[in-house]
Amino acid sequence: MRKLWLVALLFLAVACGGTSSTSASPEQPDGSTSGAGADHGTPASPSGAPSGAPSPVTPAGPTVNPRKVPWESATPAGDGRSLDIVWWSGVEPCYVLDRVEVTETAREVTVTLYEGQDPRQPDAACIEIAIEKTTTVWLKSPLDDRKVVDGAK
């Protein structure tokens, strides 16, 4: 009888103590990743951490309810005839770059971003997560000493 109890306890200890780190749960299907970079529009490095690089986007054309969106930075690129604009946004199809308006004067360049919802999915529900995005705008003449202004502010 003692041997039977000993075997039962040993079996119970092994069964309860040995959990797999790759077991699936209802919130996380087997084989998926969790945390940063888990298919939320943020590119991930091989370690699963965000890569730190903004997601490049291009204007998609007419969207539903386009609105001005403030940007974080405008960096001259190449020979000064283009600007890399970086801003924080949400996931598509709820946050789509509609268009970029650029107004140039002798003293400044005003860049205005417009975002709206994809008209093909007007009733889409999107997760609320911030994504850093970037787009390139081309100037008619080199930036030189002109000031870059955010048209949404």
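This is a predicted model: local features need pLDDT of at least 70, side-chain atom pairs count only at pLDDT 80 or more; totals for chains, interfaces and linings use all residues.

Colleague: How many salt bridges does the count come to?

Modeller: The count comes to 4 salt bridges.

Colleague: What does arginine 99 meet in a salt bridge?

Modeller: Arginine 99 meets the side chain of glutamate 101, with N to O at 3.0 Å. Arginine 99 also lies over the face of tyrosine 114, 3.7 Å from the ring centre.

Colleague: Which salt bridge does glutamate 104 form?

Modeller: Glutamate 104 forms one with arginine 146, and their closest N and O atoms are 3.1 Å apart. This pair links distant parts of the chain, 42 residues apart. Glutamate 104 is in strand 5, whereas arginine 146 is in the loop between strand 7 and strand 8.

Colleague: And how accessible is each of the two, glutamate 104 and arginine 146?

Modeller: Glutamate 104 is partly exposed, with a relative accessible area of 23%. Arginine 146 has 11%, so it counts as buried, the limit being under 20%.

Colleague: What about aspartate 118, what does its side chain meet?

Modeller: The side chain of aspartate 118 meets that of arginine 120 in a salt bridge of 2.8 Å, N to O. Aspartate 118 is buried at 9%, while arginine 120 is exposed at 72%.

Colleague: Which residues do salt bridges with shared partners join into one network?

Modeller: Asp98, Arg99 and Glu101.

Colleague: New topic. Where does lysine 133 lie?

Modeller: Lysine 133 lies in strand 7. It is buried yet has no salt bridge.

Colleague: Which side chain of opposite charge is nearest to lysine 133?

Modeller: Glutamate 115, which is 4.0 Å away.

Colleague: Then what polar contact does the side chain of lysine 133 make?

Modeller: It makes one with the side chain of serine 89, at 3.3 Å. The backbone oxygen of glycine 90 also lies 3.0 Å from a polar atom of the lysine 133 side chain.

Colleague: What else is lysine 133 in contact with, leaving aside neighbours within four places in sequence?

Modeller: Its contacts include Pro54, Val57, Ile85, Trp87 and Tyr95. Glu92 and Glu115 are among them as well.

Colleague: Last one: how many aromatic pairs does the count come to?

Modeller: The count comes to 0 aromatic pairs.

Note on methods
Residues are numbered from 1 along each chain as its sequence is written. Side-chain values use heavy atoms; hydrogens and water are left out. Rings of Phe, Tyr and Trp (its six-membered ring) pair if their centres lie within 6.5 Å; planes under 30 degrees apart count as stacked, over 60 as edge-to-face and the rest as tilted. A charge sits over a ring if NZ of Lys or CZ of Arg is within 6 Å of the ring centre and within 35 degrees of the ring normal. Helices (H or I, at least four residues) and strands (E, at least two) are DSSP runs, numbered from the N terminus. Buried means under 20% relative accessible area, exposed over 50%, partly exposed in between (1.4 Å probe, protein chains only). Lys and Arg count as positive and Asp and Glu as negative; His and the chain ends are not counted. A polar contact is a pair of N or O atoms within 3.5 Å; within protein, one must be able to donate a hydrogen and the other to accept it, and residues adjacent in sequence count only if both atoms are side-chain atoms. Contact means heavy atoms within 4.5 Å.
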